[in-house]
Amino acid sequence: MPEVHRLIGPNSRNAWRVDGGAVTLARPHRAPHPVTVEALPQSVTTDLAATALIVVDMQNDFCSPDGWLASIGVDVTPARAPIPVIAGLLPLLRAVGVPVIWLNWGNRPDRANLPPGVLHVYDPDGTGGGIGAPLPGGRVLEQGSPSAAIVEGLDPADGDLHVAKYRMSGFQDTELDSVLRNLRVDTLLFAGVNADQCVLATLMDAAGLGYDVLLVEDAVATTSPAYCMDATLYNVRQCFGFTLTSHALQEVLK
């Protein structure tokens, strides 16, 4: 009888092959897909075969006119600007095999892993209007609730990955790093909100862990003052990685 070949691993990018009594540790080969894209402070050549897109916090509570931020008086118009930009990039990235990771705030119902410092950010006077507060769409940013769902206009695909986060950085207290390691990627594209808060905190941690980081300028936004975006772009280019536009990225993807 011919030997049975089986793959053992979390995905097709990171799998051992088992052949009867032997195991092949060499992972499946992926042909490089290098592209050169205009970026700042320098143009960048990156390998799409080793790249993933991270979409941060594009959720109802942050981006919907009926969500939590809007209910407390925040103008969420800026946070909605990346929706069509990201929607335009998703099919192009998926078509060349770039994994899409939705990194969304998604609290435990009991908030047991959230320290006072995190809760205070969104409830500075202690009146209880922050994380976990009841809203018509469900408790604020609670995992599985409509409040924490991905905003209308962005459609996850079956092969996309979802990681819940509980801090400004998506790496703290989550499985994001192990998911990325199992995808065997080196370069991360960043999109989402808020650029100067959760996006930047996650990007900085990614750079600290050794990933190459690229911020897609028009695929991120913030409800903070304009100078916060200016400082974010400056610091990404100066200290952590590169920035590029969705147009520049689309040109090489096409």
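# Close-up views of a predicted model

**View 1. An aromatic cluster.** Phe-62, Trp-68, Trp-105 and Tyr-122 are linked into a cluster by ring pairs. Rings of Phe, Tyr and Trp (its six-membered ring) pair if their centres lie within 6.5 Å; planes under 30 degrees apart count as stacked, over 60 as edge-to-face and the rest as tilted. The structure holds four aromatic pairs. The model is predicted: local features need pLDDT of at least 70, side-chain atom pairs count only at pLDDT 80 or more, and totals for chains, interfaces and linings use all residues. Residues are numbered from 1 along each chain as its sequence is written, and side-chain values use heavy atoms, with hydrogens and water left out.

**View 2. The sheet of three strands.** This open sheet runs in the order S1-S2-S3, with antiparallel pairing. Strands (E, at least two residues) and helices (H or I, at least four) are DSSP runs, numbered from the N terminus. Two strands pair if DSSP finds at least two bridges between them. Strand S1 (5-11) and S3 each have a single partner strand, so one side of each is left without a neighbour in the sheet. Neighbouring strands here are turned by 25 degrees against each other on average, direction ignored. Axes are lines fitted to C-alpha atoms, for helices over the stretch in contact; angles run from 0 to 180 degrees between N-to-C directions.

**View 3. Strands S2 and S3.** Strand S2 (residues 14-19) and S3 run antiparallel, joined by three bridges. Val-18 has Val-23 of S3 as its bridge partner.

**View 4. A nonpolar surface patch.** Ile-8, Trp-16, Val-23 and Leu-25 make a nonpolar patch of about 390 Å². Leu-25 sits in the loop between strand S3 (22-24) and strand S4 (34-37). Patch residues have over 30% relative accessible area and no salt bridge; like charges are joined within 9 Å, nonpolar side chains (Val, Leu, Ile, Met, Phe, Trp, Tyr) within 5 Å. Areas come from the Shrake-Rupley method with a 1.4 Å probe; for residues, only the protein chains shown count as cover. A salt bridge is a side-chain nitrogen of Lys or Arg within 4 Å of a carboxyl oxygen of Asp or Glu.

**View 5. The sheet of six strands.** Its order is S8-S7-S6-S9-S10-S11, open, with parallel pairing. Strand S8 (161-165) and strand S11 (242-244) are the edge strands, each pairing on one side only. Six bridges join strand S6 (residues 51-56) to strand S9 (residues 187-193). Ile-54 stands opposite Phe-190 in S9. Helix H4 (residues 82-95) packs on the sheet and touches S6, strand S7 (100-105), S9 and strand S10 (212-221). Contact means heavy atoms within 4.5 Å.
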